[in-house]
Amino acid sequence: MDLGEINPVLLIASLMVAATPLLLAAIGELVVEKAGVLNLGVEGMMIVGAISGFAISVETGSPWLGFIAAAIGGAVLSLLFVLLTQFALANQVASGLALTLFGLGFSALLGQGYVGVKPPSMGDIHIPLISDIPVIGPILFQHDPILYVGIALTAAVWVVLKYTRVGLILRAVGENHDAAHALGYKVIKIRILAILFGGACAGLGGAYISLIRVPQWTEGMTAGVGWIALALVVFASWKPWRALLGAYLFGGITVLQLNLQAAGVAIPVEYLAMSPYIITILVLVILSADKSSAPASLGRIFHASH
Amino acid sequence: MIVLEKRPQPSKAWSYATPLVAVLATMVFGGILFAILGKNPIEAIGTIFWEPLFGEFAFYYRPQLLVKGAPLVLIAIGLSLGFRAGIWNIGAEGQYIMGAIFGAGAGLAFYPLDAFYIFPIMVIAGAFGGWLWASIPAFLKVRFGTNEILVSLMLVYVAEQMLASVSLGLLKNPEGFGFPGSRNLQSYESAHNAELIAGSGMHWGVVTALIAVIFAYVLLNRHMLGFHIRLTGEAPRAAKFAGVNPARLILFCLGLSGALAGLAGMFEVSGPSGVVSIDFNVGYGFTAIIVAFLGRLHPVGILLAGGLMALTYIGGEIAQSQLGLPAAAIQVFQGMLLFFLLAFDLLTNYRIRAAHSEVA
């Protein structure tokens, strides 16, 4: 065992990379839940995003097109959730599970020809001077562009939810859909847009795993990140900045356990590998006492007949 | 313009018809999918649904129906009780793994002793393992109000790591030349869940699944607890007034579904699979969710749905070897089934009407 081999600068830098897929998916789901919809299909949308992004960037040679395709892929899959929950008025828990089961199978089908293929690399941003500052440079200013997109998205969602009219309407729909309907807001339309946004974000998060974090394609490669993202929204009490904090915390745990595995700590690999899931459970337990910040209409079906 | 009108009472006819309509729609869209993959859709659908039952090698495949159907039915029966009451155990896959580890562990602890009581002890240990794993989310929900969906799901990943750990360590075959995986329980007579009638596919897991169906039917229709489960799901407020104890209900529904999933895992590891290995679990715990919904959360429906889902598993394998249909295509097919089921369920609760021009 040699803990001295773990480089703290690299550790923090890779923590941010590990956190980004979680952050992207969680921010999307946060908006969906703020609109009063519980979409448990995050894992399914992420994995579909992962393979659509991977396939398109391999075919076109452009990671940017890949990420766009991933966002579209995630949104298209979430459209199925829209059909089920907003038009067929199906149970949201069951529909979300259906989305995940279908997404896992569908991505495996799409990805058959892509196992073992290497995707084109996106390359890191390098800003002269700033990126070369010791310690701070490698940690903050030498990453791929999508990582910064994740942070920008967090800021944007925070501003929109907190300071704009659109955010106010979205929250109204999530808190009390009957009242929002009575005020003349199009509850279903707003929710559809929120779900599509969530799908696109989850797709981006998935593609970040297959194109940057890993980068290759294997079946079921999201390995529960989508579910952790759902837990993260609860952890964040539906607040964007706390989602960022939570994502970095979980990213940190993931990276740390990988580093400990590599350093050959006396703890068996399996126990280290299960630690992020166990810590997720612990965090959920600690935070579940306070449910006051959850949107009041979360998971309830809206039908404008009354 | 089309509008939905809520039915005063859910339609009985549609409630029976939706699973059939969903299966038909899945066949049509599945056929389209197979056609896109470059296979003859009619041949592919025929291979999946006809070949295992009436094809040339049906004598081999029919017993497989029981082998694949039993764990699905066993798990789905447990899940359906919780789903009815709005208690979502989606971690059956983890409970299935823990049942297998506990069951196999109990059996291997006696190796090479030959005694009649070993198998019953394994059955109890398997059920206990599943119960224990499902009781974690149940306890956390009762004590702290933690979301059981996320906790039970997280525990699947923990269980998978446990499985890897014991197949490489604790339960590894000492005579296995260093390969991961336990001793084969099939060659340890006292622990082997053998076929009760040779060549029929009928093993103790199948018997237990049938008992579970009857038990669930009686529970739901003739017992106070079953009434409370249905009441909590259909009218939560009324359930409160009727004095239903939600904590007891959560512990019961999650615990029982865990125990049944654990039993399924134990019967699988001591019978058809034989070995505790890293890739022991094949997703029965997740497919059982589809089975539970396809069976409309009704015990008899689940029995039929389990049979149908087992058919798609076996037919899928045949189509894989004969037509080169990718394994993932069957997974998509099964996922589609759940989609159509949920979508067509609309017709049970709502009536579709062409709206007349409305005056505001």
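Reply: Two residues are in contact here if their C-beta atoms, placed from the backbone, lie within 7 Å. Keep in mind that this is a predicted model.

Helix H12 (residues 269-287) of chain A and helix H7 (residues 148-168) of chain B have axes that come within 9 Å and cross at roughly 165°. Angles over 145 degrees count as roughly antiparallel, and H12(A) and H7(B) are therefore roughly antiparallel to each other. The crossing of H12(A) past H7(B) is left-handed. From H12(A), the residues making this contact are Glu270(A), Ala273(A), Met274(A), Tyr277(A), Ile278(A), Thr280(A), Ile281(A) and Leu284(A). H7(B) answers with Leu150(B), Val151(B), Met154(B), Tyr157(B), Val158(B), Gln161(B), Ala164(B) and Ser165(B). Taken together, the residues of this pair come out as 12 nonpolar, 3 polar and 1 charged.

For a pair within one chain, look at chain A. The axes of helix H6 (residues 145-163) and helix H11 (residues 240-263) of chain A come within 8 Å and cross at roughly 155°. That makes H6(A) roughly antiparallel to H11(A). Here Thr154(A), Val157(A) and Trp158(A) of H6(A) meet Pro240(A), Trp241(A), Ala243(A) and Leu244(A) of H11(A). The tally for H6(A) with H11(A) is 6 nonpolar, 1 polar and no charged.

H6 also turns up around helix H7 (residues 165-175) of chain A. The buried residues of H7(A) are Leu170(A), Ala172(A), Val173(A) and Gly174(A). Their cover includes helix H1 (8-34), H6, helix H8 (177-182) and helix H9 (187-213) of chain A.

Two loop residues on either side of H10(A) are worth a click. Most residues other than glycine have a negative phi. Ala223(A), in the loop between H9 and H10 of chain A, has a phi near 45°, which is positive. Ser237(A) sits in the loop between H10 and H11 of chain A, and its phi is near 50°, again a positive value. Ala223(A) is partly exposed, with 17 other C-beta atoms within 10 Å; Ser237(A) also counts as partly exposed, with 15 C-beta neighbours inside 10 Å.

Finish with Leu65(B), in helix H4 (residues 58-84) of chain B. Leu65(B) has 21 other C-beta atoms within 10 Å and so is buried. Leaving aside neighbours within four places in sequence, Leu65(B) is in contact with Pro52(B), Gly201(B), Gly307(B), Ala310(B), Leu311(B) and Ile314(B). Pro112(B) lies 47 residues from Leu65(B) along the chain, and their C-alpha atoms are separated by 32 Å.

Methods: Residues numbered from 1 in each chain as written. Chains lettered and ligands numbered in written order. Predicted model: local features only at pLDDT ≥ 70, side-chain atom pairs only at ≥ 80, totals over all residues. Axes fitted to C-alpha atoms, helices over the stretch in contact; angles between N-to-C directions. Helix = DSSP H or I, 4+ residues; strand = E, 2+ residues; numbered from the N terminus. Parallel < 35°, antiparallel > 145°, perpendicular 65-115°, else oblique. Left-handed = near helix turned anticlockwise from the far one by under 90°. Nonpolar A, V, L, I, M, F, W, Y, C, P; charged D, E, K, R; others polar. Buried ≥ 20, exposed ≤ 12 C-beta atoms within 10 Å, placed from the backbone.
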